Amino acid sequence: MNNSRNELLCANGIWLFVPMLCIGVFLMAGFLPPPSPSMEPHEVAQIFSPDNVMMRAGIMLAMLGSCTFLLPMLAIGAQLRRIEGPNP
């Protein structure tokens, strides 16, 4: 594999990052919409209770998706290194 193909594969890693983050944070964890400011403390505590398995699974999916964010950043770093040229 040549270098440009590797960079293209890394740049396309964003297509792994975005859906995993959106599904994990917004759909599974339920962070959208945020809790209302007028909620009572016990209602907010119930949302973030330790037995909320779906929220934990969503956050875990978002954490795994965040690892894939490294791929496009590597591609951007390689392009910046190429633009700057060799260091003296």
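User: Which residues form a nonpolar patch on the surface here?

Analyst: Quick caveats on this predicted model: local features need pLDDT of at least 70, side-chain atom pairs count only at pLDDT 80 or more, and totals for chains, interfaces and linings use all residues. Residues are numbered from 1 along each chain as its sequence is written, and side-chain values use heavy atoms, with hydrogens and water left out. A patch takes residues with over 30% relative accessible area and no salt bridge, joining like charges within 9 Å and nonpolar side chains (Val, Leu, Ile, Met, Phe, Trp, Tyr) within 5 Å. A salt bridge means a Lys or Arg side-chain nitrogen within 4 Å of an Asp or Glu carboxyl oxygen. Areas are Shrake-Rupley values with a 1.4 Å probe, and for residues only the protein chains shown count as cover. Here the patch is Phe-31, Phe-48, Ile-59, Met-60 and Met-63, together about 450 Å².

User: Is Gly-58 buried or exposed?

Analyst: Buried is under 20% relative accessible area, exposed over 50%, partly exposed in between (1.4 Å probe, protein chains only). Gly-58 counts as buried because its relative accessibility is 0%. Contact means heavy atoms within 4.5 Å; beyond neighbours within four places in sequence, Gly-58 touches Gly-24, Val-25, Met-28 and Ala-29.

User: Why does Met-60 count as partly exposed?

Analyst: Because its relative accessibility is 48%.

User: How many disulfides are there?

Analyst: A disulfide is a pair of cysteine sulfur atoms within 2.5 Å. The count is zero. Cys-10 has its nearest cysteine sulfur, that of Cys-67, 14 Å away. For Cys-22 the closest is also in Cys-67, at 16 Å, so it's too far for a bond.
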